[in-house]
Amino acid sequence: MPVTGPPGPLVGSGWLAERLGAPGLLVFDASVGGHRDAGQRIPGARPFDIDGALSDHSVPLPHAMPGPAGFTEELRSLGLRTGDTVVVYDGAGNYSSARAWWMLRAMGFDRVAVLDGGLPGWVAAGLPLESGAPTPAAERGDFTAVPRAGLVVGADEVAHALTDPASAVFDARTRERFLGTAPEPRAGLRGGHMPGAVSLPFGEIQREGGLMRPAAELRGVFAALAGDRRRLYFSCGSGVTACVLALGAELAGYRELAVYDGSWSEWGMPSEQRPVVTGHPS
């Protein structure tokens, strides 16, 4: 029988294993970097290539959101149909799969969930794998991207949020990069953070193995840092792990969420002349 849709933004390996191969269920491998093209995947998974076709390479920023026409074309080539259900995962556990989840939602597709623990969790559960080249879609999909305003934002919206008492801007980078005590991995970027931003390294909302912390714990983490602010913005190095925080906030019950697409790769450029501070917030 066709899959009726995920029970929420996160599913476990058992949930996926019971439905793998069902009509209307697509599995996307959203791995990046060294985990991309690793040669092993969940059976039937197709590449959601954030490093490649699913970033806009016409701009000088890594992992920039593609336009709706390019996004539509790529997802149709992956066989996505409007009524399908999608599960996304990555080879690191939960690193870049949340980016694919957020991109699909930002482009108007809601029947998508992240696989908790990703490929390492799948392997640890003793579930089957396949190797070799991925099997292409048997036929093109009919999905059409309809961008939703406000889910992916730019530097001006973030600058406004930093002064808005109803908003909080979270930074998913390591604490050392936030403080400016560790160098940025991308050459030429300034160290430090946005004035008024909140540090929450994405790994702190996960348990061992790339599993997300329980919803009750996530509520406590976000409430302690956001207070009564309900509109949350997320930034990181290039807009990827910011989406892990967005996933955590969604699980914690927050609904007014936005990801800063350019993230520190844009804000930290000297040419941007955006304010940057170092050290612990006062």
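Biologist: Leaving aside its neighbours within four places in sequence, which residues is Met 194 in contact with?

Modeller: Keep in mind that this is a predicted model. In it, Met 194 is in contact with Val 158, Leu 162, Val 169, Ser 235, Tyr 260, Trp 264, Trp 267, Pro 275 and Val 277. The residue itself is found in the loop between α6 (175-179) and β10 (198-199).

Biologist: Is Met 194 buried or exposed?

Modeller: The idea is to compare relative accessibility with a cut-off: under 20% means buried. Met 194 has 2%, so it counts as buried.

Biologist: What does the radius of gyration tell me about the protein?

Modeller: You set it against what a compact globule would have. For 282 residues that would be near 19 Å, and the protein has 18 Å, so the two agree. As for secondary structure, there are nine helices and 14 strands.

Biologist: Among contacts between residues at least 6 apart in sequence, what share joins residues at least 24 apart?

Modeller: That share is 76%. As for burial, 50% of the 282 residues count as buried.

Biologist: Which residues touch the most other members of the largest nonpolar core?

Modeller: That core has 53 residues, and the ones to look for are Phe 48, Phe 71, Leu 75, Leu 104, Phe 170, Leu 232 and Phe 234. Take Leu 75: not counting residues up to four places away in sequence, it touches Phe 28, Phe 48, Leu 54, Leu 80, Leu 104 and Phe 143.

Biologist: How should I read a helix, and how many residues of α8 are buried?

Modeller: General idea first: with 3.6 residues a turn in an α-helix, residues three or four places apart point the same way. Now the case here: helix α8 (residues 242-251) has nine of its 10 residues buried, so it is largely enclosed by the rest of the structure. The buried set is Ala 242, Cys 243, Val 244, Leu 245, Ala 246, Leu 247, Gly 248, Ala 249 and Glu 250. After α8 comes Gly 253, with a positive phi near 105°.

Key:
Residues numbered from 1 in each chain as written. Predicted model: local features only at pLDDT ≥ 70, side-chain atom pairs only at ≥ 80, totals over all residues. Heavy atoms only, no water. Helix = DSSP H or I, 4+ residues; strand = E, 2+ residues; numbered from the N terminus. Rg over C-alpha atoms; globule rule 2.2 N^0.38 Å. Buried < 20%, exposed > 50% of the residue type's maximum accessible area, 1.4 Å probe, protein only. Contact = heavy atoms within 4.5 Å. Core = buried A, V, L, I, M, F, W, Y, C linked by side-chain atoms within 4.5 Å.
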